[in-house]
Amino acid sequence: MPRTFTIFGAGLAGALMAVYLARRGHRVELFERRPDPRRGTPERGRSINLALSTRGIAALEEIGLADEVLRSAIPMRGRMIHPRSGPLAFQAYSKGAELAINSVSRSGLNSLLLSAAEREPGVRVHFSRRCLGMDFDTGKAEVLDVESGRTETIDTETVIGADGAFSGVRSSMQKRDRFDYSQDYLEHGYKELTIPAAPGATHRIDRNALHIWPRGTFMMIALPNQDGSFTCTLFWPYKGPHSFDTMPSGDAALEFFRREFPDAVPLIPNLKDDWEHNPAASLVTVRCAPWNVAGCAVLLGDAAHAVVPFYGQGMNASFEDCRSLARHIDASPDDLRSAYERYAHERKPNTDALAQLALDNFIEMRDKAGSPAFRRKKMVEHALEALFPRWYTSLYFMVTFSHTPYAEAKARAERQDRAVRRWTLGLLAALGLLLILAAVILIAHFVTRKFW
Ligand SMILES: Cc1cc2nc3c(=O)[nH]c(=O)nc-3n(C[C@H](O)[C@H](O)[C@H](O)COP(=O)(O)OP(=O)(O)OC[C@H]3O[C@@H](n4cnc5c(N)ncnc54)[C@H](O)[C@@H]3O)c2cc1C
């Protein structure tokens, strides 16, 4: 039986979910707080490009948009490490650099998904409409018309909260009994800066790499854009002697960049202006449960599980949510409560695992990625993957280039690490024994020659 879904939030997950549902014959009322992004300029400082990988591509393939998205994406085949001084170092994501993650424009992808949703006869999109809250017992939702300032109450049959990390739908769930919720801010925030295109819309640095400037307690990354520019994101503490709070001026920022990122300074001619005008934004991990209120409402994407961006998986995981939710609704369209519960049961342990992996990867990227030990570890990983493909798969591969559920990938990587440590210790012990044996034989040889 076709249902009417009200989706709050027409960002990446909400717009994609609308297409999924409409293709299954359901009606969708899609409400978005912002005006139509296809008719304005994107907000300054909101992440401009994103890394799209296997999980996200699979969802786009299902709705027939993958080819179009990938045509305008830039493949990044590995990390390019920028030390304070000395040569750059490229670390491929796979041994032969055939695997790549894809830099895509957030606003371009969002616009494409919105247009795909609008093409579906069952979908109606309402821009500049903000969900203020809802009553799950009556199904009534309060919606603010952001332009006129008027509030209206709408009736809903069932609601999908795809309204991002600071979800209004989730806020209403929080007022109910026994709703678990935690929100953890990182002490670092981020600020975006631009490396403009070189003449002829070409890129000033290698366009097929994700550039990283690892600096121990902070870092900067840069992803390529189609127009020849790069978007740099500096991840930096909010507080402390060197922090966003203590360094508001562009001149001070320039000094800091000359010291920490000397090769980036000539690439960012508008550094002072970008610094003073682009806002610093916070990074949050949100965990909550349950994700649904019976069959009345369910959370999707960042509304259910915002994660920090260091694995480049927030959007990819949100697209995987859409696939999972659509599958469970297909299996029991007349019993949305059980569809929502089975979806949450499948997804929650995995997004919890992803939240931890993303936090851990911040340490890896900012602290370790530049070290020779890290480079050796990556070489060993590639060698183990090539020699024992059935036994060893790197965590990065499982998370980024496979559909292995995140929790399973995390557990398997931990098992592999333990086994590699055991084998290494065993080999070292065996080598030690061999050396001792050789020494004993040599001494015996020397002693016997001396006495006989
Ligand atoms: C700096 C940064 C870099 C990132 N890089 C990557 C990356 O490389 N790869 C990756 O996979 N992920 C990345 N992410 C994560 C990714 O952006 C999110 O996981 C993804 O956008 C989640 O999609 P969503 O639709 O759930 O939320 P959003 O994209 O945030 O969309 C939510 C929508 O809901 C609307 N909304 C909010 N409140 C209301 C309301 N009350 N009523 C109606 N509408 C409302 C918003 O306007 C918005 O359009 C990054 C995130 C950040 C911050």
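Predicted model: local features only at pLDDT ≥ 70, side-chain atom pairs only at ≥ 80, totals over all residues.
Local features need pLDDT of at least 70 and side-chain atom pairs count only at pLDDT 80 or more, while totals for chains, interfaces and linings use all residues. Residues are numbered from 1 along each chain as its sequence is written.

Helices (H or I, at least four residues) and strands (E, at least two) are DSSP runs, numbered from the N terminus. An open antiparallel sheet is made of three strands in the order β9-β10-β11, where pairing requires at least two DSSP bridges between two strands. Because β9 (129–135) and β11 (151–155) each have a single partner strand, they stand at the edges, and one side of each is left without a neighbour in the sheet. Strand β10 (residues 140–145) is joined to β11 by five bridges. Ala-141 lies opposite Ile-154 in β11.

In helix α2 (residues 54–62), Arg-55, Gly-56, Ala-59 and Leu-60 are buried, that is, 20 or more other C-beta atoms lie within 10 Å of their own, with 12 or fewer for exposed residues, partly exposed in between, and C-beta atoms placed from the backbone. After α2 comes Gly-64, with a positive phi near 80°.

Most residues other than glycine have a negative phi, and most peptide bonds are trans. Arg-178 has a positive phi near 60° and sits in the loop between α5 (168–174) and β13 (180–195). Arg-178 counts as exposed because it has 6 C-beta neighbours inside 10 Å. Ala-201, in the loop between β13 and β14 (210–214), has a positive phi near 55°. The peptide bond joining Ala-289 and Pro-290 is cis, with omega about -5°.
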